[in-house]
Amino acid sequence: MTLQEVGDDDYTKDGTVDLRGNPVRRSQRGCWKACSFVIVYEIFERMAYYGISSNLVIFMTTKLHEGTVQSSNNVTNWVGTSWLTPILGAYVADAHLGRYITFVISSAIYFLGMALLTLSVSLPDLRPPKCTKTNVEDCEKASVLQLVVFFGALYILAIGTGGTKPNISTIGADQFDVFDPKEKIHKHSFFNWWMFSIFFGTLFATTVLVYVQDNVGWALGYGLPTLGLAISIIIFLVGTPFYRHKLPTGSPFTKMARVIVASLRKAQVPMSRDPTCFHELPLLEYESKRTFPIHPTKSLRFLDRASLKTGPTNKWSLCTITEVEETKQMLRMLPVLFITFVPSMMLAQVITLFVKQGTLLNRHITNNFSIPPASLVGFTTFSMLVTIVIYDQIFVKLARKVTGNPRGITLLQRMGIGIILHILIMIIASVTERHRLKVAADHGLTHQTSVPLPLTIFVLLPQFVLMGLADTFMEVAKIEFFYDQAPESMKSLGTSYMTTSFAAGNFMSSFLLSTVARVTKNQGRGWILNNLNESRLDNYYMLFAVINLVNFIFFLMVAKFYVYRVEITDSANVNQETTVLDNRE
């Protein structure tokens, strides 16, 4: 069925269908009606995920008796894996099962991991006996069986998230047809409200759930997130009749590999300037699949040889212009992906070292109430909830009048502001930690960990609050950038770039923490020890500030030369062609 045969403006024009493959009407499916189920799902799912991850370093320290470096690295390695598996999930969705089916199957695996994890913290036989010794190194360690059950559950959970993370945000964005002017504007706002839902769920996790874990018990503290995940899956399934779907279009990895191989095979072939010498499918063939061709661009021109009509005509020797341009779009994003690794390292500090600092400070708000250290993450969440609304409702509208950009400022400009804030955050964190160490020394508590310092935990508040502000710029822009700049047939892979950024940041954080801890300990006073009062976290944080500064310099170079993928839809054209031009946003 071609777009002309549809003959009804109410049908979507972006290739979306129902689960049976039939064209869908925008009045019956999609838009905010469908997105409401997706966003509510994300609130409950993020509550479940962060109900586990936010306080995980405390559980590993107090219940599994692990040291500072080991527990922090175990957390970041698991979080990194949770963000790495979405590459596989994106491949399965784009190449085989589609986003919806991949998501549903992965949700079942996710729930299995959560249920097993709840069981592992609930049964006394699955964790080591309680220890009251000051040095956790002297406590009885967890047995092999206990570790296998606990970490097995964590990594089953990570496998499940591999199919949910890259597809749920993409499913949400697919509910808006970019060929409808009103829906295209709504799509720009979707990612802001998507992040709002994430951090709303996170806020509940880092306040209520963390308090339950620290003061009531880990069994209930993990049982509630498991229940929340079950509710989120049910909510998503209820919305099934309202969703629009994109059909799987083949493996993006295979498609990119074919373009690269074909261009290398023709490396010695003279480049032609005649457009008729390049291979492309007829427009009607794209229309029959409810997709659109992409016009050639001037960047990465060495790949154009892959579509040059010369030599063999098999798929590994001759590709279409559209396939070449899709590969170009994914490769152009790689430098941006690399510069997001350091900002992702920053997020790893929030749920590890930032939280560990809070355990040594005065946490009493009243005589009968103490704030859990991990609850400080809630201030990051609340900060982002407030600033993201201000950004979307006030800043964007004002900036549009100045720049003429529908987003207010470009996505890379938004990322750049986030990186600048990260530099400021680490400087503040370093100064705050230096003050904390001075208080410990002045009161003779340098070698003590069981006695809280006479310093309120809220001294850490600026670094947590500013992190939320930075997330409003960096993290929202990161998600939107990798979705927006990916070609239509590779949206899940584009979203997996974002998850790869988080994965790399966590693994790099583990490597840096272990390396700095080992090197500084061998040279004298270690920067990261089990007793943070004897450590020099202030130096470690200042090192992070320098790393962020260097990364910002690289970012400026990447941003200067990056060429945006810009879609221009000619509504007057009966064929509804999409021209993808090289343009600087």
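Which residues line the second largest cavity?

## Second largest cavity

The lining of the second largest cavity consists of His188, Ser189, Asn192, Tyr391, Asp392, Val396, Arg400, Pro406, Arg407, Arg414 and Glu480. A cavity is a set of points on a 1 Å grid over the protein atoms alone where a 1.4 Å probe fits but cannot get out, and lining residues have an atom within 4 Å of a point. The volume of this cavity is about 80 Å³, taken as the space filled by probe spheres set on the points, which are joined across faces, edges and corners.

Helix 8 and helix 16 each contribute at least two lining residues, and the largest share, 4 residues, belongs to helix 16; helices are DSSP runs (H or I, at least four residues) numbered from the N terminus.

## Basis of the model

This is a predicted model in which local features need pLDDT of at least 70 and side-chain atom pairs count only at pLDDT 80 or more, whereas totals for chains, interfaces and linings use all residues. Residues are numbered from 1 along each chain as its sequence is written, and side-chain values use heavy atoms, with hydrogens and water left out.

## Largest cavity

Among the 4 cavities of 30 Å³ or more in the structure, the largest has a volume of about 510 Å³. Of the 31 residues lining the largest cavity, Tyr50, Trp83, Phe199, Leu347 and Phe502 are the closest to its centre.

Helix 2 (31-53) gives at least two residues to this lining, as do others including helix 8 (181-215) and helix 19 (491-522), and the largest share, 6 residues, comes from helix 2.

Terms used
On a 1 Å grid over the protein atoms alone, a cavity is a set of points where a 1.4 Å probe fits but cannot get out, and a pocket is an open set with protein on both sides within 12 Å along at least five of seven lines; lining residues have an atom within 4 Å of a point.
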